[in-house]
Amino acid sequence: MGKTMEKEEAEAEVEMWKFIFGFVEMAVVKCAIELGVAEAMETHGGAVCLSSLSSAVGCLPSDLNRIMRFLVNRRVLKEAETSEAEPCYQQTALSRRLMTRGENGMADLLLLESSPVMLAPWHALSARLRGKVNAPFDAAHGEEIWGYAASHPAHSKLINDAMACDARLAVSAIVNACPEVFDGVSSLVDVGGGAGAALRTLIKSRPLISGINFDLPHVVSAAPKCNGVEFVGGDMFDSVPKADAAFIMWVLHDWGDEECIRILEKCREAVPREKGKVIIVEAVIEEKENDEEGGKSTLKDVGLMLDMVMMVHTTTGKERTLKEWDYVIKKAGFSRYTVKPIRTVQSLIEAYP
């Protein structure tokens with residue numbers, strides 16, 4: 001066996017071990033979130049030693065030490081250099097993402113995807129490809145994800161919290177990178193807006209915009225009220241409330257082309273023909289590597305993973321390439337559209353009637 005082949009075999013073995021224990025990273029990070037490790041460190045400020053941290057989160061130092069060792073090895077946290085005889089740790093940009101509060105916190109997204117309800121359907125992915133089941137989620141739980149959420153309030157809250165988490169990140173990225181998107185918009189309807197996090201975030205920077213948060217009745221009925229935002233329950237397949245612009249984020253990827261086109265048609269009908277637009281915030285899967293456009297290529301893996309999530313958690317949903325977006329947007333009757341990258345996994349698509 002030549003040296004090149006030996007190296008390839010050694011690398012293959014390492015990668016295979018990573019696949020075998022790939023679930024461990026998610027599980028340990030979830031454990032850290034549930035313990036409140038990042039919040040405890042943030043409250044403490046500066047370097048925090050093992051004994052203090054274990055006392056703050058309520059677990060044995062010997063057990064926590066093994067969790068922290070793993071997180072340090074994965075560069076989630078840093079080990080601090082101190083004069084103490086015990087290990088001490090410092091926060092990183094990544095560890096702060098494990099917080100459930102704060103503008104950059106992403107804990108709620110992980111808590112949703114790591115929940116037993118969302119993990120169970122993955123065991124039926126191959127069954128879907130073989131045509132034995134239409135949708136793994138339905139096979140695992142007896143109904144599609146939105147019906148399940150409607151009848152299980154705890155899971156509905158997990159979904160809404162996760163979507164609110166993403167909304168804060170994405171809307172902040174849009175406002176910072178493309179503030180002109182909202183110029184001339186006095187009213188905005190957020191289609192599938194969940195608990196209203198996107199509009200709450202937007203109105204902080206654009207207080208003159210009148211917001212309409214539109215979602216299923218059981219979703220908006222549980223949403224906390226917000227000044228400047230009207231909460232309207234309904235079905236986006238039937239109609240969408242009128243506004244200067246419609247905003248739709250991480251909704252269309254849940255649906256196949258036929259449903260996607262119908263939703264977009266209803267959005268188009270809701271905005272003025274001459275000056276209206278529909279703002280779509282969704283991933284655009286790159287068909288070839290591109291190192292430009294604000295580093296979007298570094299998020300290509302995330303987009304492809306999201307596409308696998310769509311295969312498991314929806315019946316017809318998928319992440320789309322630019323060619324696939326072109327098809328559904330034009331079929332929905334829009335005359336033109338633009339695509340702009342933002343510093344998240346999604347891109348910003350503006351579609352005009």
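**Figure 1. Lining of the largest cavity.** β4 (187-191) and α13 (197-205) each contribute at least two residues to the lining of the largest cavity; helices (H or I, at least four residues) and strands (E, at least two) are DSSP runs, numbered from the N terminus. The model is predicted: local features need pLDDT of at least 70 and side-chain atom pairs count only at pLDDT 80 or more, while totals for chains, interfaces and linings use all residues. Residues are numbered from 1 along each chain as its sequence is written, and side-chain values use heavy atoms, with hydrogens and water left out. A search of the whole structure gives 1 cavity of 30 Å³ or more. A cavity is a set of points, on a 1 Å grid over the protein atoms alone, where a 1.4 Å probe fits but cannot get out, and lining residues have an atom within 4 Å of a point. The volume of the largest cavity is about 40 Å³, taken as the space filled by probe spheres set on the points, which are joined across faces, edges and corners. The lining consists of Val171, Phe182, Leu188, Asp190, Ala198, Leu199, Leu202 and Phe247. α13 gives the most, with 3 residues.

Figure 2. Asn213 belongs to strand β5 (residues 210-215). Asn213 has a relative accessible area of 0% and is therefore buried (buried means under 20% relative accessible area, exposed over 50%, partly exposed in between; 1.4 Å probe, protein chains only). From its side chain, Asn213 reaches the backbone oxygen of Gly194 at 2.9 Å. Leaving aside residues up to four places away in sequence, Asn213 touches residues including Asp190, Gly193, Gly194, Leu199 and Phe231, where contact means heavy atoms within 4.5 Å.

**Figure 3. The open sheet β1-β3-β2.** The 3 strands of this open sheet follow the order β1-β3-β2, with antiparallel pairing. β1 (48-49) and β2 (78-79) are at the edges and have a single partner strand each, so one side of each lacks a neighbour in the sheet. Two strands pair if DSSP finds at least two bridges between them. β2 and β3 (residues 88-90) run antiparallel and are joined by 2 bridges. Glu79 has Tyr89 in β3 as its bridge partner.

Figure 4. Arg75, in the loop between α5 (61-73) and β2, has phi near 65 degrees. Its relative accessibility is 71%, so Arg75 counts as exposed. Trp250 lies in the loop between β7 (245-249) and α15 (257-270), and its phi is about 55 degrees. Trp250 is buried, with a relative accessible area of 11%.

Technical notes
1 Å grid on protein atoms, 1.4 Å probe; cavity = no way out; pocket = protein on both sides within 12 Å on 5 of 7 lines; lining within 4 Å. Polar contact = N/O pair within 3.5 Å; in protein donor to acceptor, adjacent residues only side chain to side chain.
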